Amino acid sequence: MPNAYISGTGFFVPPNVVSNDQLINDFNIDTTNEWIVQRTGIEERRFVDNGVGPSDLAVCAAEQAIANAGISKHDIGMIVFATLSPEHSFPGSGVHLQRKLGLCDGADATFVPALDVRNQCSGFLYGLATASSMVQSGNVKHVLLVGAEVHSHALDLSTRGRTVATLFGDGAGAVVVSATDEDRGVRGWWLGADGRHADVLTQKIWDTRQKPFIPLDEQGVGQVHPEMMFAQMDGKLVFRNAVERMIGALFTAYSKKGLTHEQIDLFFFHQANLRINQYVADQLKIPHDKLVSNIQRYGNTTAATIPILLAEAVESGRLKKGMKIAMVAFGAGFTWGSAVVDW
Ligand code: UT7
């Protein structure tokens, strides 16, 4: 059985930087820079221009990851696309990425399978579990795994929506997961979910239990109430569960692999809130300098946070071959996961 390792990383964030003060000045949101920084650590985030979707961000990140893996796009055997903000209800963003990468063009067309992962902030780790299993099974040599989100077009950028709207940003991260005979790569992954909390963090938009699934006005035009259109969150409950589940997911990884935090060189935590991550680190006595963070600059990019972190850490030289890393995520569902990788 081959090992599955991350052979290439890439990321792309849109150039438009939106500071906390711009949320106040441009969108008239009743908040302060101090409130956002103190509660979350976020100083700014990126917003896409009109007309840009998650697969547009993903294609830039993916091309970088493929180039850094030293392979051709035609070597990719499968696409796994994690997002909670696909362009449309269906099909998922994976097929859009496949087409934009030029994998259905001309004589070189590979028509690789495209799988969409719908696990919100844990999407990258659910995707990594899927991609590494595909590679280890021997069925696929190189899987392109992407996390990409366009949140800004679906945020309630007003005082009414401030609890959620101040937290999220747009971006994409990608990795190539490849087969190797070397003694390295994904050493294990552990996933979990608790469906009792499915309504605690949710963006419903429509309800297919109802007929019609979106209420209609007299002209037959769909009317989406803001509570359905925009994400709703019980922040404190999410915070408490995030801390508990992230600690649990790390403990599971430690116990399954006989590890302590001293043996882990770097920790890549999902970037939802700097305070959550520092609290988790403090409970486990992980030194803060082992935490890789970028929430200050990008906010919460959901499925994209961990692959962006990885790509930045590789690019800056902080993450090097031979290091042992741990990744942990928690998000809506609730869903969570952890993974240990020998880089
Ligand atoms: O990606 C995974 C999912 N997301 C998370 O993991 C997020 C987890 N939760 C959190 O990070 C925190 O709960 C938040 C940062 C979202 C909120 O922090 P909090 O300390 O739990 O605040 P709160 O929601 O309890 O609100 C406290 C006060 C409220 O005012 P009152 O009722 O005390 O007068 C809110 O209306 O802060 C108010 N508030 C704001 N004030 C200024 C809420 N959002 C804002 C805001 N600016 N953006």
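1. Overall size first. For 343 residues, a compact globule would come out with a radius of gyration near 20 Å, and the chain has 20 Å, so the two agree. Keep in mind that this is a predicted model. Along its principal axes, the C-alpha trace spans about 60 × 55 × 35 Å.

2. Make-up and packing. I count eleven helices and 13 strands in the chain. Buried residues account for 54% of the 343. If you take the contacts between residues at least 6 apart in sequence, 77% of them join residues at least 24 apart.

3. Surface and charge. The chain's accessible surface is about 15000 Å², with 51% of that belonging to carbon and sulfur atoms. On the charge side there are 29 positive and 35 negative side chains, and the centres of the two sets sit 6 Å apart.

4. Arg184 deserves a look. You'll find Arg184 in the loop between strand E7 (171-180) and strand E8 (185-193). Its relative accessible area is 11%, and because the cut-off for buried is under 20%, Arg184 counts as buried. Leaving aside residues up to four places away in sequence, Arg184 touches Asn3, Ala4 and Tyr5, along with Lys321, Asp342 and Trp343.

5. Aromatics. The structure holds six aromatic pairs. In one of them, Phe330 and Phe334 are tilted, at 4.9 Å centre to centre and 50° between the planes. Phe330 also pairs with Trp336, this time stacked, with 6.4 Å between centres and 15° between planes. Phe330, Phe334 and Trp336 together form one aromatic cluster.

6. A cis peptide bond joins Gly333 to Phe334, with omega about -15°. Phe334 is placed in the loop between strand E12 (324-331) and E13. If you are checking omegas, there is also a cis bond from Lys211 to Pro212, where omega is near 0°. Pro212 belongs to the loop between strand E9 (201-202) and helix H7 (226-229).

7. Next, Thr335. Thr335 lies in strand E13, which covers residues 335-342. With 6% relative accessibility, against a cut-off of under 20%, Thr335 counts as buried. What does Thr335 touch, not counting residues up to four places away in sequence? The list is Asn119, Gln120, Ser122, Tyr126, Gly192, Ala193, Ala329 and Phe330. Ala198 is 137 residues from Thr335 in sequence, yet the C-alpha to C-alpha distance is 9.3 Å.

8. Gln120 lies in the loop between strand E5 (114-117) and helix H5 (123-136). Is Gln120 buried or exposed? Buried, since its relative accessible area is 16% and the limit is under 20%.

9. Thr302 is another one for the phi list. Here too phi is near 50°, positive in a residue other than glycine. Thr302 is in the loop between helix H10 (295-298) and helix H11 (305-316). Its relative accessible area is 0%, so Thr302 is buried.

Notes. Residues numbered from 1 in each chain as written. Predicted model: local features only at pLDDT ≥ 70, side-chain atom pairs only at ≥ 80, totals over all residues. Heavy atoms only, no water. Helix = DSSP H or I, 4+ residues; strand = E, 2+ residues; numbered from the N terminus. Rg over C-alpha atoms; globule rule 2.2 N^0.38 Å. Buried < 20%, exposed > 50% of the residue type's maximum accessible area, 1.4 Å probe, protein only. Contact = heavy atoms within 4.5 Å. Areas by Shrake-Rupley, 256 points an atom, 1.4 Å probe, with all protein chains shown as cover. Lys, Arg positive; Asp, Glu negative; His and termini not counted. Charge placed at Lys NZ, Arg CZ, Asp CG, Glu CD. Phe/Tyr/Trp six-rings, centres within 6.5 Å; stacked < 30°, edge-to-face > 60°.
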